[in-house]
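Thanks for coming, everyone. Let me put the structure on the screen, and then I'll walk through it.

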Amino acid sequence: MTIFLALFGTLLLLLFLGVPVAFAMIGASLAVLAYTRGFESIPFEMLAQRTLYGVNSFTLLAIPAFLLIGRLMNESGISDRVFNVARALVGHLRGGLGHVNVVQSLIFSGMSGSAIADAAGVGRLIISMMTRDGRYTRSYAAAITAASAVIGPIVPPSIPMVLFALVSDASIGYLFLGGIVPGLLMGAVLMAMNVVISN
């Protein structure tokens, strides 16, 4: 119990003080080591080696690549083109901009692999367009944007799937294939909900 308190107490204290999350986790781990082994006997050289060994992975290079692609799409105007394609596909249906929101999240998540990149990339644009339209409240526009951004980690390529495959030695290809149908089902359910609310 005392180890638990040392770990999470130190973590919460460091987070409360404004320390970045990664350094707060390192500090909490060092606090547990100091509590159990004594500060003098902490093997700092081994900790540095194990930390570098833990991130020395070719598969983990996919994560910054996904984030870079999302950023490049925002800066190059591809996000606007994705929005225009989604609007041409489903913008004429009842609850059109809500459907556009979901479809563009599906398209964008197939490129970025991250819910945060999905929400940040096209979220601001679609929320402002939905509120300017007058038929959607700002809270509804933000809610459907957040809900559709969650599709990002499910539709391949997906950062959590890459991490899971790295830890479990599962096939990344099979994981990506397994994420297509659930992602499309989530999009269909969100679009059905949008039709019901838009009536």
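In which helix is the place of Val181? Val181 sits in helix H10. Helices here are DSSP runs of H or I with at least four residues, numbered from the N terminus.

Some ground rules. This is a predicted model, where local features need pLDDT of at least 70, side-chain atom pairs count only at pLDDT 80 or more, and totals for chains, interfaces and linings use all residues. Residues are numbered from 1 along each chain as its sequence is written, and side-chain values use heavy atoms, with hydrogens and water left out.

Back to H10. That helix runs over residues 172–198, and Leu177 lies in it. At 54% relative accessibility, Val181 is exposed. Leu177 is exposed too, at 57%. For the cut-offs: buried is under 20% relative accessible area, exposed is over 50%, and partly exposed is in between, with a 1.4 Å probe and protein chains only.

Which residues make the nonpolar surface patch? They are Tyr174, Leu177, Ile180, Val181, Leu184 and Leu185, and the patch covers about 660 Å². A patch takes residues with over 30% relative accessible area and no salt bridge; nonpolar side chains (Val, Leu, Ile, Met, Phe, Trp, Tyr) are joined within 5 Å, like charges within 9 Å. Areas come from the Shrake-Rupley method with a 1.4 Å probe, and for residues only the protein chains shown count as cover.

Asp169 is in the loop between helix H9 (159–168) and H10. Asp169 has a positive phi of about 60 degrees, and it is not a glycine. Most residues other than glycine have a negative phi. Asp169 counts as exposed, at 70% relative accessibility.

Now the inside. The largest nonpolar core has 20 residues, and Phe83, Leu97, Val100, Ile126 and Met130 touch the most other members. The elements giving two or more residues to this core are helix H5 (78–90), helix H6 (96–112), helix H7 (115–133), H8 and H10. H6 gives the largest share, five residues. By definition, a nonpolar core is a set of buried Ala, Val, Leu, Ile, Met, Phe, Trp, Tyr and Cys residues joined through side-chain atoms within 4.5 Å. In soluble globular proteins, nonpolar side chains tend to be buried together.

Take H5. It has 13 residues and reaches 18 Å from first C-alpha to last, close to the 18 Å expected. The expected span is 1.5 Å times one less than the number of residues. Which residues of H5 are buried? Ser79, Val82, Phe83, Ala86 and Val90. Seen down the axis, these buried residues fall within an arc of 100 degrees, so they line one face of H5. The arc is taken from the directions from the helix axis to the C-beta atoms. The face turned away carries the exposed residues Arg81 and Ala88. An α-helix has 3.6 residues a turn, so residues three or four places apart point the same way.

H8 next, residues 138–149. Its twelve residues should span 16 Å at 1.5 Å a residue, and the end C-alpha atoms are 16 Å apart, which agrees. The buried residues of H8 are Tyr140, Ala141, Ile144, Thr145, Ser148 and Ala149. They cover an arc of only 160 degrees around the axis, which puts them on the same side of H8. Arg138 is also in H8, and Arg138 is exposed at 56%. The C-alpha atoms of Arg138 and Ser128 are separated by 8.1 Å, ten residues apart along the chain.

How many salt bridges are there? The count is one. The rule asks for a side-chain nitrogen of Lys or Arg within 4 Å of a carboxyl oxygen of Asp or Glu. The pair is Arg135 and Asp133, with the closest N and O atoms 2.8 Å apart. Arg135 is exposed at 61%, whereas Asp133 is partly exposed at 33%.

Last stop, H7. Ala117 is in this helix, and Ala117 is buried at 14% relative accessibility. Its C-alpha atom lies 9.5 Å from that of Asn74, 43 residues away along the chain.

That's my tour. Over to you.
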